[in-house]
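Colleague: Please take a close look at one part with me, the surroundings of the ligand. Which element gives the largest share of the shell around the ligand?

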Amino acid sequence: MNNFVLTRPTGLADCTAAAAQPGASFIAGGTTVLDLWKLGAYPTTQLVDLNGLNLRGIRAGPDALRLGALERMNAVGEHAGVATYYPVISQALLLSASPQIRNMGTMGGNLLQRPRSLTYRNPDPHRHDGPSRFDAIFGVTPHSRAPHPSDLAVALLALDASLRIVGPGRAAGERTLKISEFYRVPSDSLKFDSLQPGELITAVEARVPFARHSAYVKIRDRASYQFAVVSAAVVLDLDGSTIREARIAAGGVGTIPWRFPAAEAALAGRPATPESFRAAVAVMDRDAVTHPHNAFKVDLLRRTTVRALQQVVAQENAGPTSAHT
Ligand SMILES: Cc1cc2nc3c(=O)[nH]c(=O)nc-3n(C[C@H](O)[C@H](O)[C@H](O)COP(=O)(O)OP(=O)(O)OC[C@H]3O[C@@H](n4cnc5c(N)ncnc54)[C@H](O)[C@@H]3O)c2cc1C
């Protein structure tokens, strides 16, 4: 039996100091931690429960977004301001997991959940997955080929969102990291994030005045309660029907959430039409590494992205209430 001590500090400094101890880590909703712990794949001597901290709060308006790290997935997904001004986040969250898990799972925990592969979930440290149709096609390393599982992270990458992070000790203080800096390809170990020991995510922030022109499309093996085979998050800055700027991120394809600057550049200045979308997604396979089991993901990625782009246009044509539907 892998026993642990559970503590519930009520101050940030006590939390980060406790979690900086060897073998300690945070627990928020517990839907990943306890799952892995039961499998014997989450060795820990001390779990520091974050639920005594005041890390709640949802602010979502046209100028700025701020989500407390302990906000639950359902609360954020169903929030009227998030659905109106940041539909890509609302859609990504409401297409995640089940209502029960979304009622427990938090913003911070979702971003740090582990990939759903034996490499990450089998207690044997030498256990690695064989080639499978789920394998990532971007950012594959000798350590991992497992796609990063968070839908929320893909939406936040497309928004170029930032994370507020607090570390242990006075010197560490608070820092802000872009989502694109927070995730790193697991090149020297299985670690895919940039957190230092004891560091805690306190909030998610974004400033994207055009984010209401955004959408998330998720392709999965069954229509509910399933991780993405491929997903696409897109955000468009539109001048009438012309695209000023496009942001595209995808899930299910990278060992971390993946962004596509070449496809984004191909859309800038173009009309928001199916022809422009199809031309832009043609370059999305740059740097893709496939094998016979997962090569289908290249075409699926292109089609999923076109569908997400078309969904933004359809939402725009349907008017301001469409984001709630
Ligand atoms: C059956 C099933 C289906 C699922 N389907 C999906 C899906 O389709 N899409 C999807 O995105 N997810 C899915 N999930 C994953 C689920 O969304 C995550 O388990 C959940 O979001 C994790 O949040 P939590 O608060 O419970 O995290 P916890 O289990 O409490 O913590 C997870 C990790 O994050 C760390 N952590 C937590 N909060 C912080 C913080 N503020 N700062 C620093 N570290 C922190 C913990 O130390 C731990 O390592 C599914 C899960 C299950 C069990």
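**Around the ligand**

Modeller: The largest share comes from helix H7, which gives four residues to the shell around the ligand (helices are DSSP runs of at least four residues, strands of at least two, numbered from the N terminus). This is a predicted model, in which local features need pLDDT of at least 70 and side-chain atom pairs need 80 or more, while totals use all residues. Residues count from 1 along each chain, and side-chain values use heavy atoms, without hydrogens or water.

Let's start with the whole shell. In total, 34 residues surround the ligand (each has a heavy atom within 4 Å of it). Phe26, Ala28, Thr31, Thr106 and Asp151 are the closest of them. Sorted by class, the shell holds 17 nonpolar, 13 polar and four charged residues (Asp, Glu, Lys and Arg are the charged ones, and Gly counts as polar).

Now look at some individual atoms. Thr106, already named among the closest residues, places a polar side-chain atom 2.6 Å from an oxygen atom of the ligand. Tyr42 also has a polar side-chain atom by a ligand oxygen, here at 2.9 Å. With Gly109 the backbone takes part: one of its polar backbone atoms is 3.4 Å from a nitrogen atom of the ligand. These are polar contacts (pairs of N or O atoms within 3.5 Å). How much of the ligand does the protein cover? On its own, the ligand has 980 Å² of accessible area, and the protein covers 93% of that (by Shrake-Rupley with a 1.4 Å probe).

Which elements take part in the shell with two or more residues? They are strand E2 (24–27), helix H2 (33–39), helix H7 (107–112) and strand E8 (200–206).

E8 pairs with E5 in the antiparallel sense, over four bridges (pairing takes at least two DSSP bridges). At this pairing, Ala206 of E8 stands opposite Leu65. E5 (residues 65–68) is also joined to E4 (residues 58–60), by three bridges, and these two strands run antiparallel as well. Here Leu67 of E5 faces Ile58. Four residues lie between E4 and E5, and the two strands form a hairpin.

For a further example of pairing, turn to another part of the chain. Four strands make an open sheet in the order E9-E10-E11-E12, with antiparallel pairing. Strand E9 (214–219) and strand E12 (258–259) stand at its edges; each has a single partner strand, so one side of each has no neighbour in the sheet. Between them in that order, E10 (residues 230–239) and E11 (residues 242–251) run antiparallel and are joined by nine bridges. One of the pairs to find on your screen is Leu238 with its bridge partner Ile243 in E11.

Notes:
A polar contact is a pair of N or O atoms within 3.5 Å; within protein, one must be able to donate a hydrogen and the other to accept it, and residues adjacent in sequence count only if both atoms are side-chain atoms.
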